[in-house]
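Colleague: Before I rely on the labels attached to this chain, I would like to go through them one by one and hear what each of them rests on.
Modeller: Then let us look at it together and set each value against its cut-off.

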Amino acid sequence: MEYHFERRHLDASEILQSGKSWGWGRISTIKRDGCYIETMHPFPVGTEAKLRLTIAGILVDICANVVSIDPVFGMGMSFVRTEQWDKL
């Protein structure tokens, strides 16, 4: 069975690395398995970070790995599935 999820746009996301706030980025595309963050300072591919998103008024912390970058526009992130994933 194949599922299709609507793409959504969010205004901003806090990006954390090693438990410390690294900065903010605009989420230009978000899907169930990942998102694209517009930022002028993307992490290198393979970097793990935590994203703090507010979706429909609910604060959600999601671990993600950088899977692609564009030094001028931002980075593609793949969400890391955790036990809390099914609660989203």
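Colleague: Where in the chain is confidence lowest, and where is it highest?

Modeller: This is a predicted model, and its confidence is lowest in strand E1 (residues 13-17), at a mean of 72, and highest in E6, at 93. For the chain, the mean pLDDT is 78, and 74% of its residues reach 70 or more.

Colleague: What does the secondary structure of the chain come to?

Modeller: The secondary structure comes to zero helices and six strands, and the pattern read along the sequence is β-β-β-β-β-β. As for contacts with a separation of 6 or more, 40% of them are accounted for by residues 24 or more positions apart.

Colleague: What makes glutamate 38 and arginine 26 a salt bridge?

Modeller: The closest N and O atoms of glutamate 38 and arginine 26 are 3.6 Å apart, and the cut-off for a salt bridge is 4 Å between a side-chain nitrogen of Lys or Arg and a carboxyl oxygen of Asp or Glu, so the name applies. Glutamate 38 lies in strand E3 (residues 34-38) and arginine 26 in strand E2 (residues 20-31), so this pair ties together parts that are 12 residues apart in sequence. Glutamate 38 is partly exposed, at a relative accessible area of 35%, and arginine 26 is partly exposed too, at 35%.

Colleague: How many salt bridges does a search of the whole structure find?

Modeller: The search finds two. Besides the pair of glutamate 38 and arginine 26, there is a salt bridge between aspartate 61 and arginine 52, whose closest N and O atoms are 2.8 Å apart. The value of 2.8 Å is again within the 4 Å that the term requires. In general terms, side chains of opposite charge can pair when their charged atoms come close.

Colleague: Which residues touch the most other members of the largest nonpolar core?

Modeller: This core has 16 residues, and those touching the most other members are Ile15, Cys35, Ile37, Leu51, Met75, Met77 and Phe79. At least two of the core residues are supplied by each of E2, E3, strand E4 (48-55), strand E5 (58-70) and strand E6 (74-79), and the largest share, four residues, comes from E5. Cysteine 35 touches Ile27, Thr29, Ile30, Leu51, Met75, Gly76, Met77 and Phe79, when residues up to four places away in sequence are not counted. Of the 88 residues of the chain, 34% count as buried.

Colleague: How do you know that threonine 39 is buried, and where does it lie?

Modeller: Threonine 39 lies in the loop between E3 and E4, and its relative accessible area of 8% is under the 20% limit, so the residue is buried. A polar atom of its side chain lies 3.3 Å from the backbone nitrogen of histidine 41. Leaving out residues up to four places away in sequence, threonine 39 touches Trp22, Trp24, Val72, Phe73, Gly74 and Met75.

Colleague: Is glycine 74 buried or exposed, and what is it in contact with?

Modeller: Glycine 74, in strand E6, counts as buried at 0% relative accessibility. Beyond its neighbours within four places in sequence, glycine 74 is in contact with Tyr36, Ile37, Glu38, Thr39, Pro42, Ser68 and Ile69. The C-alpha atoms of glycine 74 and proline 42 are separated by 5.4 Å, although these residues are 32 residues apart along the chain.

Colleague: Why is tryptophan 24 called exposed?

Modeller: Tryptophan 24 has a relative accessibility of 57%, and exposed means over 50%, so that label follows.

Note on methods
Residues numbered from 1 in each chain as written. Predicted model: local features only at pLDDT ≥ 70, side-chain atom pairs only at ≥ 80, totals over all residues. Heavy atoms only, no water. Buried < 20%, exposed > 50% of the residue type's maximum accessible area, 1.4 Å probe, protein only. Core = buried A, V, L, I, M, F, W, Y, C linked by side-chain atoms within 4.5 Å. Contact = heavy atoms within 4.5 Å. Polar contact = N/O pair within 3.5 Å; in protein donor to acceptor, adjacent residues only side chain to side chain. pLDDT = per-residue confidence, 0-100.
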